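Trainee: Hi! I'm new to this one, could you walk me through it?
Mentor: Happy to, let's bring it up on screen.

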Amino acid sequence: MPVTYASGDASLPVPGCADVVIFHIVNDVPVWRTAAHHHGVGFAAALGARYPEAMTAYIAARPRLGDCLLVDVRPTGLRRLRIAHLCAQSGLPSRRNPRPFRLVDLGTALRSLRAGLDTERPTGVLLQGPRIGTGYGGGDWAQIQALLTTGLAPYDVRILTPSTPESPP
């Protein structure tokens, strides 16, 4: 299934979907940048503020490059919401590491996510997120989009952005 685009807040589950997985890129450093720290930035900060249990699970897991950590943040009720931490960033951006995003590690993490979903065999699951890997990670969206399309087929993948798909991330 191709990646589709919509306007909206990627940290909130799309209304009307019973099973949503919000995916994003994390680094292999057990630190989560939140507004509580003086340098809170990016999509992870929004997720940490909205779903603190997802932040806690990531820090405790200490993921390695290529890992996928799937955290249930709303496991009961009519809707299921999970956060998929895709470890595909080596360290934090810096002068020495201006592009920490690793495409090969994203591919490995996506295969792990898909294997987990295939084992569950969920019906109607929606995978949503921002344009991952393009902000602080410095990745190329065309390559990342192609990997999402092939790596997560046949699942419905929706990219939620406050801008149009043609706008720069």
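Trainee: Which residue does R50 form a salt bridge with?
Mentor: R50 pairs with D9, and the closest N and O atoms are 3.4 Å apart. Keep in mind as we go that this is a predicted model.

Trainee: Where do R50 and D9 sit in the chain?
Mentor: In distant parts of it: R50 belongs to helix α1 (residues 42–50), while D9 lies in the loop between β1 (4–7) and β2. They are 41 residues apart.

Trainee: And how accessible are those two?
Mentor: R50 has 39% relative accessibility, so it counts as partly exposed. D9 is partly exposed as well, at 37%.

Trainee: How many salt bridges does a search of the whole structure find?
Mentor: That search finds 5. One of them joins R114 to D118, with the closest N and O atoms 3.4 Å apart.

Trainee: How are R114 and D118 placed in helix α3?
Mentor: They are 4 residues apart in that helix, so about one helical turn separates them. R114 is partly exposed, with a relative accessible area of 27%, and D118 is partly exposed at 33%.

Trainee: Okay, new topic. Which residues touch the most other members of the largest nonpolar core?
Mentor: That core has 24 residues, and the ones touching the most other members are F23, L86, L106, L113, L127, I132 and L148. The elements giving two or more residues to this core are β2 (19–27), β4 (80–89), α3 (103–120), β5 (125–129), α4 (141–151) and β6 (156–161).

Trainee: Which element gives the largest share?
Mentor: α3 does, with 5 residues.

Trainee: Let's zoom in on L127. What is L127 in contact with, leaving aside its neighbours within four places in sequence?
Mentor: Its contacts beyond those neighbours are V21, F23, L113, L117, L152, Y155, D156, V157 and R158.

Trainee: And is there a second core? What does it include?
Mentor: There is a separate one of 14 residues, and A10, I22, L47 and V71 are among them.

Trainee: Back to D156 and R158, then. How do their side chains meet?
Mentor: In a salt bridge, at 3.6 Å from N to O. D156 is partly exposed, with a relative accessible area of 22%. R158 is partly exposed too, with a relative accessible area of 22%.

Technical notes: Residues numbered from 1 in each chain as written. Predicted model: local features only at pLDDT ≥ 70, side-chain atom pairs only at ≥ 80, totals over all residues. Heavy atoms only, no water. Core = buried A, V, L, I, M, F, W, Y, C linked by side-chain atoms within 4.5 Å. Buried < 20%, exposed > 50% of the residue type's maximum accessible area, 1.4 Å probe, protein only. Contact = heavy atoms within 4.5 Å. Salt bridge = Lys/Arg side-chain N within 4 Å of Asp/Glu carboxyl O.
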